[in-house]
Amino acid sequence: MGAVKAAVAAVGVAFAAGAASVAAGRLASDVALKAPPGEPLPTEPRLTVHATAAGRIALTRAFASQRPGVYGLTGDDSHAVVGAVLDGAPHAPDTVVRRLERVTHGTLEPGDKVWLTPGLHRGDPRTALGLDHHDVEIPGELGTLPAWFAPGDRDIWVIAVHGLGTTREHPMNVMEFLHRHHFPVLTLAYRGDPGAPRSPDGLNHLGETEWRDVDAAVRHAVRFGAERVVLLGWSTGATMALRAATRSPLRDRVAGLVLDSPVLDWAATLRALAAARRTPGALLPLAVRAAQGRTGLRAAPTGADTDSSGLRTPTLLFHGPDDTVAPWGPSRNLAARRPDRVTLRTVRHAPHGAMWNADPKSYEEALRRFLTPLV
């Protein structure tokens, strides 16, 4: 009898441990499947404001705070734009001084906790950039999708799609450039974004279902005068653009793809985000399995995007080895497999979704060279 009780107890303990592991895996998967739009990703370290002066700000010395380029600086109630590191400025050994370009919202005080982000602008194209635009509503699979439309003279439109941790404010980084070159720009809010419908399960599917909202934007563009479109996406928005270019019934209207930091191996991205939240390594496979069970996503054995064989669209891909969210390897593999269609621009020292931020002039020149033959 004692042996039976011991066996029952052991089964109960094993069941409880298994249930706890499943729950832990589910919780760990939330970091990607429930990533709030507009909030910094957990891979981005929190910095402290040490001091501010005219045109300068001192931040905690860290690898992130020494990146080259221009970035948004986001706090709980503030947003600013910081430029290059000022090596010659006096500073304490544990700080870095960067150029403070402008404060767009709130104030920055010593002791404030802040994060570097890709997004430089707050508001809409008119308030942030002084560009005329229209608020438009796009009929989508799940309901109405809000978007901004900035008119241009060309009959080839650019449809811009943000990714993880950002909102449709992020594409405003390149909107001035596109406006100077006379492209109409449609900037999309998709399922799960503020003002847009939620997914039926309330989860982010990392582009696997959201691409249908990009398809809806293509339909809208064609209906209102676009002969062709260029899909420009960041992060999971780049994944959505790639899916639309290979799966949409209107894929023949897609003249070009621009992919910035595409998530081509969603399982690796989920593991990276979960690890950044200090999920124990033993639970990371459980997080992937939990995500698969909750969303129906399937991890490619090689980490390769399965749609690449159907890619017929000229593609410009920006990515680099310092992206800790979306591994660079699958992008290199995609470019190697499809040299007839894909041009890879390697960008070093740039975090996820911030290839433009590291060197805006080089990025925009590459974009200009890519777009010119398409018009």
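Predicted model: local features only at pLDDT ≥ 70, side-chain atom pairs only at ≥ 80, totals over all residues.
Q: Then which residue stands opposite Leu231 in strand 12?
A: Opposite Leu231 stands Leu257 of strand 12. Strand 11 and strand 12 (residues 254–260) are parallel partners, joined over six bridges.

Q: What does the chain pass through on its way from strand 11 to strand 12, and what is the hand of that crossover?
A: The chain passes through helix 5, and the β-α-β crossover is right-handed.

Q: How does strand 9 pair with strand 11, parallel or antiparallel?
A: Strand 9 pairs with strand 11 in the parallel sense, and six bridges join them. Within that pairing, Val158 has Val230 of strand 11 as its bridge partner.

Q: How many of the seven residues of strand 11 are buried?
A: Six of the seven are buried, so strand 11 is largely enclosed by the rest of the structure. The cut-off for buried is under 20% relative accessible area.

Q: Now helix 4. What should its length be, and what does the model give?
A: Helix 4 covers residues 211–223, which is 13 residues. At 1.5 Å a residue it should span 18 Å, and its end C-alpha atoms are 19 Å apart, so the two values agree.

Q: Which residues of helix 4 are buried?
A: They are Trp211, Asp213, Val214, Asp215, Ala216, Ala217, Val218, His220 and Ala221.

Q: And what do those buried residues pack against?
A: Their packing partners include strand 9 (156–161), strand 11 (228–234) and helix 5 (236–247). Strand 7 (134–139), strand 8 (144–150) and strand 10 (185–188) are also among them.

Q: What comes after helix 4?
A: Helix 4 is followed by Gly225, which has a positive phi, near 115 degrees.

Q: Which residue has a positive phi just after helix 3?
A: That residue is His182, with a phi of about 70 degrees. In helix 3 itself (residues 172–180), the buried residues include Met172, Val174, Phe177 and Leu178.

Q: Which residues does Arg154 contact, leaving aside neighbours within four places in sequence?
A: Arg154 is in contact with His181, His182, Phe183, Pro184 and Val375. Between Arg154 and Pro184 the C-alpha distance is 6.7 Å, although they are 30 residues apart in sequence.

Q: Where is Arg154 in the fold, and how accessible is it?
A: Arg154 sits in the loop between strand 8 and strand 9. Its relative accessibility is 31%, so Arg154 counts as partly exposed.

Q: Switching topic: how many strands close into the barrel, and in what order?
A: Six strands close into the barrel, in the order 1-2-5-4-3-6, with antiparallel pairing. Neighbouring strands of this sheet are turned by 45 degrees against each other on average, direction ignored.

Q: How many bridges join strand 3 to strand 6?
A: Four bridges join strand 3 (residues 71–75) to strand 6 (residues 113–117), and the two run antiparallel. Gly72 stands opposite Thr117 in strand 6.

Q: What about Gly310, where does it lie?
A: Gly310 lies in the loop between helix 7 (284–295) and strand 13 (315–319). With a relative accessible area of 34%, Gly310 is partly exposed. Gly310 and Arg247 are 63 residues apart in sequence, and their C-alpha atoms are 8.6 Å apart in space.

Q: Last one: what does UniProt place at residues 157–272?
A: The unreviewed UniProt entry places the feature "domain: AB hydrolase-1" there, at residues 157–272. In the model, that span is 35% helix and 20% strand, and its end C-alpha atoms lie 34 Å apart.

Terms used. Residues numbered from 1 in each chain as written. Heavy atoms only, no water. UniProt positions renumbered as here; feature names shortened; annotations may be inferred. Expected span 1.5 Å × (residues − 1). Buried < 20%, exposed > 50% of the residue type's maximum accessible area, 1.4 Å probe, protein only. Contact = heavy atoms within 4.5 Å. Pairing = 2+ DSSP bridges. Axes fitted to C-alpha atoms, helices over the stretch in contact; angles between N-to-C directions. Right-handed = clockwise from strand over helix to strand, strands pointing away.
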